[in-house]
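Reader: I am new to this structure and would like to ask some questions about it. Please show it to me before we start.

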Amino acid sequence: MPDRIIFGMQESVAELAKTMLGVEISPKKNWLEACHIEADASAIIGFSGALQGNLRLAGIENSVIKLAETLLGEPRDTLDEDIQDAFCELANMITGGVQRRIETNIGHIFITPPVFISGKGHRVTGEHGYQCVSQLFDLDDAMFFVEVRYKQML
């Protein structure tokens, strides 16, 4: 299951980069069982159904702004409401891509609307007993990561 989720993250981000953003985003290091990575901003979407947990799209402030402004098509310099909304929409698209790629093997997965969290160096934790995988990505030296914390229910 962890390999399927990492593959789903990589494929979803590559698809998003190509079809929606018109940029190249390279996967870098991935981690099995690596959670609680510090970030300045996070967009989190919950899972229920055949998979419980969440997907977190996160990074340091300048990377989050760069990624979100790529979707907006205009430069920004702060985590304003438009940047937050764009970042949450990116998380939504990535989550949908991961969902499509893994639910055919395990059953239907429901997702929640995204939640945006900001605060320098924050960590996101959850209930113990969940597995976690993380994938680091690079957009022109702006690093961000996708983290999936999960428990398979079937």
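Reader: Is Asn-62 buried or exposed?

Author: This is a predicted model, and Asn-62 lies in helix 2, residues 61-72. A residue counts as exposed when its relative accessible area is over 50%. The relative accessible area of Asn-62 is 53%, so Asn-62 is exposed.

Reader: How many Å apart in space are Asn-62 and Ala-41, C-alpha to C-alpha?

Author: In sequence, Asn-62 and Ala-41 are 21 residues apart. In space, their C-alpha to C-alpha distance is 9.7 Å.

Reader: How is helix 1 oriented to helix 3, and which hand does the crossing have?

Author: Helix 1 (residues 2-21) packs with helix 3 (residues 81-106) at about 135°, and their axes are 8 Å apart. That angle makes helix 1 oblique to helix 3. The crossing of helix 1 past helix 3 is right-handed.

Reader: How many residues in the contact of helix 1 with helix 3 are nonpolar?

Author: The helix 1 side includes Ile-5, Val-13 and Leu-16, and the helix 3 side includes Leu-90, Ile-94 and Arg-101. Of the residues in this contact, 5 are charged, 4 are polar and the nonpolar ones number 12.

Reader: Which element gives the most to the largest nonpolar core?

Author: The largest nonpolar core has 40 residues, and Ile-25, Leu-57 and Leu-67 have the most contacts inside it. Among the elements that each supply at least two residues of this core are helix 1, helix 2 and strand 7 (142-152). With 10 residues, the element that gives the most to this core is helix 3.

Conventions: Residues numbered from 1 in each chain as written. Predicted model: local features only at pLDDT ≥ 70, side-chain atom pairs only at ≥ 80, totals over all residues. Heavy atoms only, no water. Axes fitted to C-alpha atoms, helices over the stretch in contact; angles between N-to-C directions. Helix = DSSP H or I, 4+ residues; strand = E, 2+ residues; numbered from the N terminus. Parallel < 35°, antiparallel > 145°, perpendicular 65-115°, else oblique. Left-handed = near helix turned anticlockwise from the far one by under 90°. Contact = heavy atoms within 4.5 Å. Nonpolar A, V, L, I, M, F, W, Y, C, P; charged D, E, K, R; others polar. Buried < 20%, exposed > 50% of the residue type's maximum accessible area, 1.4 Å probe, protein only. Core = buried A, V, L, I, M, F, W, Y, C linked by side-chain atoms within 4.5 Å.
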